[in-house]
2 protein chains.
Amino acid sequence: MRVIGIDPGLTRCGVGVVDARIGRASLVAVGVIRTPASRSTPDRLVTIEAELLRWIEEYRPEAMAIERVFAQQNLHSVADTMQAAGVASLVGARAGLEVAYHTPSEVKAAVTGSGTADKAQVTLMVTRILRLAGPPKPADAADALAIAVTHAWRGPRTNRYAAAVAALKGK
Amino acid sequence: MRVIGIDPGLTRCGVGVVDARIGRASLVAVGVIRTPASRSTPDRLVTIEAELLRWIEEYRPEAMAIERVFAQQNLHSVADTMQAAGVASLVGARAGLEVAYHTPSEVKAAVTGSGTADKAQVTLMVTRILRLAGPPKPADAADALAIAVTHAWRGPRTNRYAAAVAALKGK
């Protein structure tokens with residue numbers, strides 16, 4: 001299953017594509033879409049839409065997983081991030097992808113085993129899970145890969161627990 | 001100047017189009033885009049995009065004004081509303097419209113003179129400003145008209161104060 005993970009944002013929108021099978025995942029591509037703060041929010045959203053479309057056309061993922069944003073930080077950046085998430089979601093759904101949201105704690109739990117892991121732990125585990133020689137670059141794209149891995153491993157086709165249950169039922 | 005005002009939301013997205021001149025405004029069209037809660041957020045955003053495109057194609061506004069959402073209410077509905085605002089903003093910018101955001105208190109102040117006016121006062125003033133026989137229908141579209149009027153009257157071509165200053169300078 002190929003998943004595109006999105007860590008939404010206007011200034012930096014992390015994008016990571018992974019191929020996942022049961023208990024395994026490998027890196028396809030990773031990057032960050034950046035838009036300058038000097039441009040208006042609507043213009044920046046237009047750029048994000050265009051860039052995400054290029055990612056989807058190039059890598060043809062089957063699913064999109066977006067980090068769910070909470071309104072705990074400062075109001076302006078949350079509004080920006082949520083609008084970027086809306087554009088990502090729109091682009092994914094329009095392209096016929098299955099689109100899902102995962103919370104930061106779901107992502108941390110899925111890749112590290114702990115919902116309260118810090119950024120360094122998430123990056124370390126993403127590096128190991130994808131068997132990379134070093135941490136993903138750019139560094140701020142590691143979260144996008146973590147989101148993609150989380151989604152893949154929660155899905156019915158790639159979830160170890162679901163696979164084990166299915167195997168038992170098949171007996 | 002023709003302005004499309006957007007009161008963003010997933011369940012109800014208010015849309016109002018007005019034509020404005022200095023000190024005057026008239027109704028062009030008003031309505032609400034509704035999407036059922038039974039559908040996924042990404043699918044609902046796709047519908048909102050398609051419907052807003054139809055509004056823009058039909059009424060050809062020069063500017064789009066979106067109500068700026070704050071994260072004071074419950075988290076889920078704010079996330080939905082901000083994602084809808086992002087899609088509206090994207091659609092407007094892509095269509096070449098000038099896109100701006102106005103806060104609820106700016107809108108209240110512009111149409112009623114008070115930033116703390118209640119919903120009934122806003123509806124009453126919108127009805128009077130647009131010289132309607134009765135309150136706009138559907139009722140939940142009145143805010144979208146208020147946002148459009150606010151934007152029009154804040155602009156340099158339709159602002160009474162700016163016009164008065166320009167007239168004095170012209171002497």
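Q: Which relative accessible areas separate buried, partly exposed and exposed residues?
A: In this predicted model, a residue is partly exposed when its relative accessible area lies between the buried and exposed classes. Buried means under 20%, and exposed means over 50%.

Q: Is A:Asp140 buried, partly exposed or exposed?
A: The relative accessibility of A:Asp140 is 23%. Buried would require a value under 20%, and exposed a value over 50%. A:Asp140 therefore counts as partly exposed.

Q: Is A:Asp7 buried or exposed?
A: A:Asp7 is found in strand 1 of chain A, which covers residues 2-7. Its relative accessible area is 16%, and the limit for the buried class is under 20%. A:Asp7 is therefore buried.

Q: Where in chain A is A:Asp140 found?
A: Helix 4 of chain A covers 119-129 and helix 5 covers 142-154. A:Asp140 is found in the loop between helix 4 and helix 5.

Q: With which side chain does the side chain of A:Asp140 make a polar contact?
A: Leaving aside neighbours within four places in sequence, A:Asp140 is in contact with A:Asp7, A:Arg12, A:Val32 and A:Arg34. The polar contact between side chains is at 3.3 Å, and the cut-off for such a pair of N or O atoms is within 3.5 Å. The partner is A:Arg12.

Q: What is the largest C-alpha distance among the residues of the "active site" annotation?
A: The unreviewed UniProt entry gives "active site" for A:Asp7, A:Glu67 and A:Asp140. These residues are spread over 134 residues of sequence but cluster in space. A:Asp7 touches both A:Glu67 and A:Asp140. The largest C-alpha distance is 13.6 Å.

Q: What is the largest C-alpha distance for the "binding site" annotation?
A: The unreviewed UniProt entry lists A:Asp7 and A:Asp140 under "binding site". They too are spread over 134 residues of sequence, yet they cluster in space. The largest C-alpha distance is 9.0 Å.

Q: As by what kind of axis are the two copies related?
A: Chain B is superposed on chain A by a rotation of 180 degrees with 0.0 Å of shift along the axis, at an RMSD of 0.0 Å. The two copies are thus related as by a two-fold rotation axis.

Q: Which residue of chain B comes closest to the rotation axis?
A: The C-alpha distance from the axis is 2.4 Å for the residue of chain B that comes closest. That residue is B:Gln83.

Conventions:
Residues numbered from 1 in each chain as written. Chains lettered and ligands numbered in written order. Predicted model: local features only at pLDDT ≥ 70, side-chain atom pairs only at ≥ 80, totals over all residues. Heavy atoms only, no water. UniProt positions renumbered as here; feature names shortened; annotations may be inferred. Helix = DSSP H or I, 4+ residues; strand = E, 2+ residues; numbered from the N terminus. Buried < 20%, exposed > 50% of the residue type's maximum accessible area, 1.4 Å probe, protein only. Contact = heavy atoms within 4.5 Å. Polar contact = N/O pair within 3.5 Å; in protein donor to acceptor, adjacent residues only side chain to side chain. Least-squares fit on C-alpha atoms with pLDDT ≥ 70 in both.
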